[in-house]
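Got your viewer open and ready? Let's walk through the model stop by stop, picking out side chains as we go.

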Amino acid sequence: MVKIIQDIIPKGNSNRPGYPMTPRYITVHTTANQSKGANALAHARYLKSGGAGTSWHFTVDDTQIVQHLPTNECGWHAGDGRNGTGNRQSIGIEICENADGNFEKAVANAIGLIVHLMKQHNIPLSRVVPHKHWTGKQCPRPLLGRWNWFIGEIKRLHERSDILLQDWQREAAEEALKALCKDNILAYASNPNYWIQKLRDGTITQEFAWQIPVALERINRKANLALGRGGN
């Protein structure tokens, strides 16, 4: 995902309502502005100057993401009224359509942002909706005809990032265990009762202690393989 630039609408602006929000949905829009230069930063300037009373949380173009509102505040983007669920419970994302930008790249950046927000706020895929969901407005027009594809790409990236995170967590746990084992090997060399003492005083658990010989065996096997001695 490209970097998020924060360019927040000033407090006191009429289009920054300031109502607290716990986001339960993500609402997807496109800007319908095909003018050259109508990128994310241009929309940030528009919102900070009042935005004709409208506001949303993020604008995405082909190179960057700009954040306009904190995700714990609502915006006026869904068109379902001051107390509507779309306005009061959803994060609004606008995807740029500027003629001098790459729309497909902007869509890809938006997919990355949506996956990030889903994870950050525990929002299920079923609550990623088009603007049309709230009012019937034909928005995001360029994506409505391929909405199933769009949702499928979000699902694919979400699942892939889960797998990568699980792999990273597993590798990090193994590295932490190896580091702990290395420290304890040196202590054990000078004091064979070291681990027994650690168990007794509760510094390490029995479950951890059981893992130590397994980790040591794995480290030894990898070292032998690296030295060309085989796996035994």
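One term before you click: buried means under 20% relative accessible area, exposed means over 50%, and partly exposed is in between (1.4 Å probe, protein chains only). This is a predicted model, where local features need pLDDT of at least 70, side-chain atom pairs count only at pLDDT 80 or more, and totals for chains, interfaces and linings use all residues. Residues are numbered from 1 along each chain as its sequence is written, and side-chain values use heavy atoms, with hydrogens and water left out.

Start with a cartoon view: you'll find eight helices and six strands (DSSP runs numbered from the N terminus, helices being H or I of at least four residues and strands E of at least two). Of the 232 residues, 39% are buried.

Now for salt bridges, meaning a side-chain nitrogen of Lys or Arg within 4 Å of a carboxyl oxygen of Asp or Glu. The whole structure has five.

Select Glu 73 and Arg 16, whose side chains pair at 2.8 Å, N to O. Glu 73 sits in the loop between β4 (65-67) and α2 (85-89) and Arg 16 in the loop between β1 (4-6) and β2 (25-30), so this pair ties together parts 57 residues apart in sequence. Glu 73 is buried at 12% relative accessibility, and Arg 16 is buried at 12% too.

Next, jump to helix α6 (residues 147-190) and pick Glu 153 and Arg 156, three residues apart, about one turn of the helix. Their salt bridge is 3.1 Å, N to O. Arg 156 is partly exposed at 46%, and Glu 153 is partly exposed at 22%.

Last stop: Lys 155 and Glu 159, also both in α6 and four residues apart, bridged at 2.6 Å, N to O.
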